[in-house]
Amino acid sequence: MAVLALFPGSFDPFTSGHEAILRRMLPLFDRIVVAVGVNSDKHCMFSPEERVQRIREALKDCPTVEVTSYSGMTIDLCHQLGAKCIIRGIRTAQDFEYEQLVASVNRQQDPTIETLLVMADADHIKISSTLEREKLTHAAE
């Protein structure tokens, strides 16, 4: 049986930190679906379609990776796809606390789906989508 993992996030934009975590996870799973979350309450720099396309381009050399967008609950997407694991990257203690809470809620909804919290490499700890957006905004000026 093929083991499928879900790597969800807003990915606005998809950073080198996201990519590094994903590439580290490739040997552990038969397939990984990068799921671009769409939240109408959140103002994003890039449209969901742009985010999906940018990620596909960055990962074009990874045949076991698929990229899609979704709205709604992540756990529901896991059920829809048959994913048994959710991959989440963490950089700081604050990230850990938040992700631990989210993992706990997901586990209450479905105890058969595991959440794998992956520590960022030391050289990616200071990279965030917020900082990347800021760089892109100032580069356009």
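The model is predicted, so local features need a pLDDT of at least 70 and side-chain atom pairs count only at pLDDT 80 or more, while totals for chains, interfaces and linings use all residues. Residues are numbered from 1 along each chain as its sequence is written, and side-chain values use heavy atoms, with hydrogens and water left out.

The protein contains five helices and five strands. Helices (H or I, at least four residues) and strands (E, at least two) are DSSP runs, numbered from the N terminus. Read from the N terminus, the order of elements is β-α-β-α-β-α-β-α-β-α.

The C-alpha trace spans about 50 × 35 × 30 Å along its principal axes. Of the contacts with a separation of 6 or more, 81% join residues 24 or more positions apart; a contact means heavy atoms within 4.5 Å.

Buried residues make up 40% of the 141 residues. Buried means under 20% relative accessible area, exposed over 50%, and partly exposed in between (1.4 Å probe, protein chains only). The protein exposes about 8400 Å², of which carbon and sulfur atoms supply 53%. Accessible areas come from the Shrake-Rupley method with a 1.4 Å probe, and for residues only the protein chains shown count as cover.

The protein has 15 positive and 20 negative charges, and their mean positions lie 2 Å apart. Lys and Arg count as positive and Asp and Glu as negative, whereas His and the chain ends are not counted. The place of a charge is NZ of Lys, CZ of Arg, CG of Asp or CD of Glu.

Two aromatic pairs were found in the whole structure. Phe7 and Phe11 pair edge-to-face, at 5.3 Å centre to centre and 65° between the planes. Phe11 and Phe14 also pair edge-to-face, at 5.4 Å and 65°. Rings of Phe, Tyr and Trp (its six-membered ring) pair if their centres lie within 6.5 Å; planes under 30 degrees apart count as stacked, over 60 as edge-to-face and the rest as tilted. Phe7, Phe11 and Phe14 form one aromatic cluster. Phe7 counts as buried because its relative accessibility is 3%. Phe11 is buried at 3%, and Phe14 is buried at 14%.
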